[in-house]
Amino acid sequence: MEYVEPSLGIVNCIQAPVCECLQYHRKLKDYVKNFRRIRAELTSKMEDIELRLESEHRHLWKAPRKEVENWLKNVKEMIGEAEDVEKKVNKGRYLLRACLGKLVDEKTQELQKILDKAPSVSDSLVIDDPTVGLRLSTSELIGEKVVRGQIWSCLTQKEEVSKIGVWGMGGVGKTTIMKHIYNDLLEEKRFDKVIWVTVAKELNIEKLQDDIASALKEGLPERGDKVIRAGQLLGMLEKAKKHVLILDDVWDKISLEDVGIPEPTSSNGCKLVLTTRKEEVCKFLGCDEVIKVKPLSDEEALASFLHKVGPKVSQSPTLQSTLRLVVKECAGLPLTIVVVAGTLKGVDDPHIWNNALNELKQRIGEVEGMEAEVIERLKFSFDHLKDEKVKHCFLYCALYPEDFEIEKDELIQCWIDEGFIDEMDTRQQMMDKGRAILKKLEDNCLLENAYDGFHECVKMHDAVRDMALSITSRKPRYMAKAGMNLKQLPYEEEWTADIEKVSVMGNSISEIPIHLSLAKCRLLTTLLLQENPIQSIADPFFSNMPCLSVLNLSGTLIECLPDSISELKNLTALLLKRCYRLSYLPSLSKLQKLKKLDLSHSGIKEVPEGMEMLVSLTYLDLYAMSLEEVPSGLLPKLSHGNGQPYTYAPPSLTIWSRREWWESLEWDHPNFKNVLHPFLW
């Protein structure tokens, strides 16, 4: 068989004219060079379009056009085929040069054709039909048919009802009911526009205005007079004609006038629906109809619990009496029912059920107030996660903004960076382990499945996030202020001495000034600053963070990093993805514990000084179009510990970079290059 494929290749090649064969034979290198150039252009174009689509969806909820989806699918298939061609070229023999040249030339022409069909910068990548919105992912609706019918009637039949207040305690199912109604409204198209906005727990009028404008596929000026911004939003909503505005999870009293929300009336046909835990919020807004979502009846609660806990338990006669008592402790709250049932699913040992019942009773007896009781019931599921690292994986999700859809693969990468997933032979094995952890958290109903239009995601129910934050308010100590439209970092007194992780991702912070001194943060291990318009960081900022392990500045406007970065000797992950303006990094030579360096889509033109000293590196992303040169001796140095060659193969190093550079490398040990895992373009 070893000679069959070469023989067939020669036969195919002979069929071509002799002059063509000679051309392919003599100029194989030129054909390969052109092939790699076109493939690189196509890959870059695909990346750019995916980034544009992701941005459109994140900010404006726009869905990609079908032809764009098909083009991306074809590109990915074509790039896979190109990889196969590359492998054949690398394994090719001298006698097959003409055949390889022909194969490369044909594949180059195919790549060029699909590149020519790429959407241009001026083309719309998304669906702009104003009557079409993205359906919201939601869980199965348990009971609540009467309440759902009441709300639907107010929206579609009662013209005199313009403002509807839906209230009830956390976890009772308000948001789930409204998500189902939102999706139904999209289907029926009774209104010109259906708008869904989640209101942050700590009300920020400016952020609320921005979120409503984004849902309308519009934008407001970042800085402007509050009255003018409200007037602009008012005009946008009036232009939306007959619409439904759903404000989910409202905690405080809101002035519609201050926000810029027009008063809905029977004459304009608009409707406003809000969900809240407080009846007084409904009354303050003058809701025409106030609907309370009550806990499930005993029969509904039991049916829901039995459905979730599985037949092994539901059909066991020895468990029935204890099971009913456990259901009673769930207080008819759908969220608590699915979480507790998920924890006990498939468990048929009566002793474990008795212990679970005692635990729930004890927890609830130790706190006062309905909200505190909900948190304690949810903690029951958290405490039954046996693996401490799985618990840390769950708590980490609370560092994201409220109601945020977290991309699964991105989350697992973060868990790896944090050391929550033990090191394995390959990064793919670690990603697989992460998927198994996600499955466990989903099965326990601590995380919900979601889809953002492009990626598989998970999200936290707001009551589950409240539970996680109540845990991280003590130990491990987190400060989570993500997605709150902050203009500056939290005040110094909030950075307590025992704080371990801080997230201010997704805010509006533009600089970190020199007067901010964080001398107390000597236990800080994680600092998440990504997705802020940060342009500058004062040099001393990182000077008093000796334990800092993970620093994420991705998606910022930073141009150069302060020299104090060089002193972070315990740093294991430095993430600078999509820092388009970044042009300078100080020396990295002292960061010898650094395992991951992500410079993808940054503005760097040359690799940072001292990279050859990063002997612990296992992940390097140099996928930056601006990068002009990578020293050919860099990776061989990285594969030696302290200048000494490894006795065995070097640690796995995942690399994203230019193919030409990779192939120019020379290796002291013949096995080194085979062990590493390059992703080349």
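I began with terms: on a 1 Å grid over the protein atoms alone, a cavity is a set of points where a 1.4 Å probe fits but cannot get out, while a pocket is an open set with protein on both sides within 12 Å along at least five of seven lines. Lining residues have an atom within 4 Å of a point. Grid points are joined across faces, edges and corners, and a volume is the space filled by probe spheres set on the points.

I searched the whole structure and found seven cavities of 30 Å³ or more.

**Ground rules.** This is a predicted model, where local features need pLDDT of at least 70, side-chain atom pairs count only at pLDDT 80 or more, and totals for chains, interfaces and linings use all residues. I number residues from 1 along each chain as its sequence is written, and side-chain values use heavy atoms, with hydrogens and water left out.

**Confidence.** I checked pLDDT, the predictor's confidence in each residue, from 0 to 100. The protein chain averages 83, and 83% of the residues score at least 70. Residues 640-651 fall below 50, with 19 contacts (heavy atoms within 4.5 Å) beyond near neighbours in sequence. Residues 667-672 also stay under 50. Where pLDDT is low, the predicted coordinates should not be read in detail.

**Second largest pocket.** I noted about 950 Å³ of space here. Of its 40 lining residues, Ser-139, Glu-140, Thr-176, Val-338 and Glu-448 are the closest to the centre. I looked up its elements; helices (H or I, at least four residues) and strands (E, at least two) are DSSP runs, numbered from the N terminus. Those giving two or more residues include helix 7 (174-188), strand 3 (243-250) and helix 21 (462-472). Helix 12 gives the largest share, five residues.

**Second largest cavity.** I read a volume of about 90 Å³. It has 13 lining residues, with Gly-171, Lys-174, Thr-175, His-461 and Asp-462 nearest its centre. Helix 7 and strand 3 each supply at least two lining residues. The largest share, three residues, is from helix 7.
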